[in-house]
Amino acid sequence: RLDERLLKRHEQAKEIIREVGIKTQEQLQYHISDITSLALEAVFTDAYKLEVEFIQRRNKTECDLYFVRDGERINPLTSSGGGAVDVAAFALRIASWSLNRPHSRNTIILDEPMRFLSKDHQPKASAMLKEISRKLGIQFIIVTHEQTLTAYADKIFEVRIRKGISKVENKI
């Protein structure tokens, strides 16, 4: 009798945990796809949307990411171009950061973000970085060779090497 009651309670607990897991996945799905899709829309006129799908494989939950355009799913890494992947990767980092509670320090260092983004899309990407920084209170420290990405920067430091010595110059 006691064993039956314990078994029933374990089954009920297991079902509650399963339902909470599904709800959490749904919230993550919306959060990640919304932030990433908004970033893609900010940079590209005919933007992809990001679709997140949680799948059970090998008794584990895995997350698949797809770009969707005109109702067609594509693999971002093989079918979309590096610029779209760069923007999505940046947005995924921001989405991950925003899930942390409490937030870690509000400074994120980016090394050559948007490196595969074409020059004609870089001004919109720079504006997007500034807007995200302002709205979320994040300071971005960006290392880049692309002058266009610095268009909306609050401060710019240029580093040059002269005779083997790094010289830092404040541009703004």
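Me: Which residues in helix 3 meet which residues in helix 4?

Reply: Contact means heavy atoms within 4.5 Å. In this predicted model, F90, I94 and W97 of helix 3 meet M128, L129, I132 and L136 of helix 4. Helices (H or I, at least four residues) and strands (E, at least two) are DSSP runs, numbered from the N terminus. Two notes on the model: residues are numbered from 1 along each chain as its sequence is written. Because the model is predicted, local features need pLDDT of at least 70 and side-chain atom pairs count only at pLDDT 80 or more, while totals for chains, interfaces and linings use all residues; side-chain values use heavy atoms, with hydrogens and water left out.

Me: How do the axes of helix 3 and helix 4 cross?

Reply: Axes are lines fitted to C-alpha atoms, for helices over the stretch in contact, and angles run from 0 to 180 degrees between N-to-C directions. Here the two axes come within 13 Å and cross at roughly 5°. Helix 3 is therefore roughly parallel to helix 4. The classes are roughly parallel under 35 degrees, roughly antiparallel over 145, roughly perpendicular from 65 to 115, and oblique for the rest. The residues of this contact divide into 7 nonpolar, no polar and no charged. Ala, Val, Leu, Ile, Met, Phe, Trp, Tyr, Cys and Pro count as nonpolar, Asp, Glu, Lys and Arg as charged, and the others, Gly among them, as polar.

Me: What is the crossing angle of helix 1 and helix 3?

Reply: The axes of helix 1 (residues 2–43) and helix 3 (residues 82–99) cross at roughly 140° and come within 9 Å. These two helices are therefore oblique to each other. The contact includes L28, H31 and I32 of helix 1, and A84, V87 and A88 of helix 3. Its residues divide into 13 nonpolar, 3 polar and no charged.

Me: How many aromatic pairs are there?

Reply: Rings of Phe, Tyr and Trp (its six-membered ring) pair if their centres lie within 6.5 Å; planes under 30 degrees apart count as stacked, over 60 as edge-to-face and the rest as tilted. By this rule the count is 2 aromatic pairs. One of them joins Y48 and F67, with ring centres 4.8 Å apart and planes at 15°, so the pair is stacked. Y48 lies in the loop between helix 1 and strand 1 (49–57) and F67 in strand 2 (residues 60–69), so the pair ties together parts 19 residues apart in sequence.

Me: Is Y48 buried or exposed?

Reply: Buried means under 20% relative accessible area, exposed over 50%, and partly exposed in between (1.4 Å probe, protein chains only). Y48 is buried, at 10%, and F67 is buried, at 1%. T61, which lies in strand 2, is partly exposed, with a relative accessible area of 39%. Not counting residues up to four places away in sequence, T61 touches Q25, F54, I55 and Q56.

Me: What is the phi of M114?

Reply: Most residues other than glycine have a negative phi. M114 has a positive phi of about 60° although it is not a glycine. M114 is found in the loop between strand 4 (107–111) and helix 4 (122–136), and is buried at 2% relative accessible area.

Me: Where does K163 lie?

Reply: K163 lies in the loop between strand 6 (157–162) and strand 7 (165–170). Phi of K163 is also positive, near 55°, in a residue other than glycine. K163 is exposed, with a relative accessible area of 85%.
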